[in-house]
2 protein chains.
Amino acid sequence: MAKRVIKVGILGLGIVGGGVAQLLMEQKERLSGRLGAELVLAKAADRDASLARELGLPAKICCNDAEQVVNDPDIDIVVELIGGLSPAKEFMLQAIENGKQVATANKALLAHHGVEILAAAKKAKVSLGFEASTGGGIPLIGSLREGLAANEVSQALGILNGTSNYILTQMTNRGQSFDEALAEAQAAGFAEADPTFDVEGIDASHKLAIITALVTGKQPRLEDIPVQGISRITPLDIKFANDFGYKIKLLALLRNQGGRVEARVHPALIPHDHVLASVDSNFNALHLTGDWVGDVLLYGQGAGRRATASAVVADVLSLARDILAGCSGRLPALGTETETSEPLELAPLEEAVCQYYFRFTAEDQPGVLASISHFLGDHGISIEAVTQKGIDNNAPVPVVMLTHQAKEAAVQKALAAIDNLPAIAQPTLVIRKAWTK
Amino acid sequence: MAKRVIKVGILGLGIVGGGVAQLLMEQKERLSGRLGAELVLAKAADRDASLARELGLPAKICCNDAEQVVNDPDIDIVVELIGGLSPAKEFMLQAIENGKQVATANKALLAHHGVEILAAAKKAKVSLGFEASTGGGIPLIGSLREGLAANEVSQALGILNGTSNYILTQMTNRGQSFDEALAEAQAAGFAEADPTFDVEGIDASHKLAIITALVTGKQPRLEDIPVQGISRITPLDIKFANDFGYKIKLLALLRNQGGRVEARVHPALIPHDHVLASVDSNFNALHLTGDWVGDVLLYGQGAGRRATASAVVADVLSLARDILAGCSGRLPALGTETETSEPLELAPLEEAVCQYYFRFTAEDQPGVLASISHFLGDHGISIEAVTQKGIDNNAPVPVVMLTHQAKEAAVQKALAAIDNLPAIAQPTLVIRKAWTK
């Protein structure tokens, strides 16, 4: 006879942990009905005891020590929502060693220490759920692990950071500066007081590392993923890009072709008629291309208490089904038994080929455009379009170019030379065009 | 020790069955690697022996009799791709009774006989995969069964028929008539010689029945779902709708609020800025609203050999994992143990409330607009916008109205009276506005 009660323990009662506790309590009947077994929030740990009180959790299930949860023999599923690397990692490994099924939203931990954690889960024959780590409530991990499992995914383009997408949307729709849009995002609760992690692409790179592992069965080293944020984008760039036929989005890009894997995060030009161009505000989306399924888009709220709790509890239900059916570890973490602890070697950025948008900031003096063009031509970079707008005072003027396909290595060399020109007032802004096929 | 070879048998080698056979053969290594076990196409049946030859299937695995597949004790997973109600139903029930795991793309069969088939699967403790039945390659069944399982889905809006969406897109973008766009869709392979099933909304209603069952845990009676197709839509309607701020799409609509469930298929107005308005060509999409996850969109190819095969093989992999882990029947077909064979009672269409678009076709004579307005007013239907364009000859002219919120029962009564007027030359065309919140 299968076990008819499943006991869940939560580590961390912050934004997401509090949401998960609330969902498990408020919808206990719904969730237990789906499962055909009683799903019980049996223990919750947070150093800050006031959080449990605010949530109205019964005192007898609360503690301030995560060890009491991971070492409790009655707990079946541990939900790690402490965030950050340490002590979250130690508690998670302890829970795995104790044979608990584990669900987490901790993208940083998986991106940094995924190899170690997945190996521990495999060894202990427990399942690891991380639907909430990437794309918030969007069921994209499950889709990659199972729904699209027949495919080789050749390409993925993701809008994976809601803060950056909200800021870029405000800049696009209302002509706000980055700073104005950021302040508004902070006021609306879509950005942290220190927004670096979100607006500089770091958060998106963690999520891209996870998606890359799911697509290839191997985990990349986080430091191998080139990252560029959006803080240098101006309303002028958005306007020029628009004139060229594009929107600017912070993209996570993955290309997986013939064993060669490219992965990077940067602001990118997306043609207006591409379905990702209409993903606005704080929404996230992942656009995948599989060799059998063709193009798929998965879209929804990529963050927030309720959407993230939805994903965590989906994992909890799935882990609970495994326990009830006596098949824990049924699905490998990366959805493939070929997964390996050998790291994925990414192709270096220097080898990348795409179209480029450059915004040069030049003193308004004769010959600058000629010098720029000269250096680009010398490196084999040809121009598709150029826009220069003189301004009536003597301030430096933007010169904007869209190139044909060019090689990153050549672009970096040409820009080093150009940015060294006395007439160039600021480092040149680079925006790469997204591959759209 | 778990079983290390999984044997698959296919019933039907038509478009989809042929695609599945091809995928299983061409990608045997990939699929077996994912599974950690050998996945073998062990038997394939089709009455037409030439299909197996064209696919290059080894003669020893081919037969012309489905019974040889469903009764073969070596077969672990039966893939039913015959389509239609009979004999597909009998073969599927036989396979289930024989303890085979079953995958199918047969939406008609599930929509008509789902209660019986699900009960048989439950009794035999086998799993039923039907990812390919709805939304082709889009992982939407899996998302509803597991990825969004923590939610009560309050609303679903689906573009679920690629043929109709292709035709409406061509009519919208190129001003083609329905007949012109249909002919082009037929030439492009996106429409059957007899397109009734697709363009009159029947196919979409089968898919909506399946989605409704997944959302509510109860199966609706197919005949309770009101269905209206797109064959009476004209480029003029598309233009008028555009002027009012909307696109016209064939939608499957589901609303699930407080135990009251509405489900119907009809052409619908969607605001230009709604994400479904940008789902064009032969793409499908499902827009869901859950109480925790918020809005989610799942988008991709809803039909076609390769995309549908992708979904069928995703099911095969999932069923194979259950066999390998010794947990067949782990997930109930509707994703909930509360599923019941008691049919779902849908709210009658007459109780529906929404905004309406009417195109009246009236003789160009004085007083017609007054008569129409009189009947609408009498039934409590108020007008948000009206457009009348006189035409220089004496032909009947279209009078187009957009109403405020109105009740379907009142609309039907008013239109019965209006269509009875001598000056009304054709039955009035009705397009309902989609709920967007």
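How many cavities of 30 Å³ or more does the structure hold? Six. This is a predicted model. The tour visits two of these cavities.

**Stop 1: the largest cavity**

Start with A:Gly142, A:Glu146, B:Gly142, B:Glu146 and B:Ser318. Of the lining residues of the largest cavity, these lie nearest its centre. Centre your view on them. The volume here is about 640 Å³, and 37 residues make up the lining.

Next, colour by element. In chain A, select β6 (128-129), α7 (140-147) and α13 (305-324). Then select β6 (128-129), α7 (140-147) and α13 (305-324) in chain B. Each of these elements gives two or more residues to the lining of the largest cavity. Which element gives the largest share of that lining? It is α7(B), with six residues.

Now switch to colouring by residue class. The lining of the largest cavity divides into 13 nonpolar, 12 polar and 12 charged residues.

**Stop 2: the second largest cavity**

Move to chain B and select B:Leu110, B:Ala111, B:Gly114, B:Leu118, B:Phe130, B:Ala209, B:Ile210, B:Ala213, B:Gln219, B:Pro220 and B:Leu334. These residues line the second largest cavity. The space inside is about 90 Å³.

Show the helices α6 (107-124) and α11 (202-216) of chain B: these are the elements that give two or more residues to this lining. The largest share, four residues, comes from α6(B).

Keep the class colours on. How many charged residues does the lining of the second largest cavity have? None: the lining has nine nonpolar and two polar residues.

Notes: Residues numbered from 1 in each chain as written. Chains lettered and ligands numbered in written order. Predicted model: local features only at pLDDT ≥ 70, side-chain atom pairs only at ≥ 80, totals over all residues. Heavy atoms only, no water. 1 Å grid on protein atoms, 1.4 Å probe; cavity = no way out; pocket = protein on both sides within 12 Å on 5 of 7 lines; lining within 4 Å. Points joined across faces, edges and corners; volume = space filled by probe spheres on them. Nonpolar A, V, L, I, M, F, W, Y, C, P; charged D, E, K, R; others polar.
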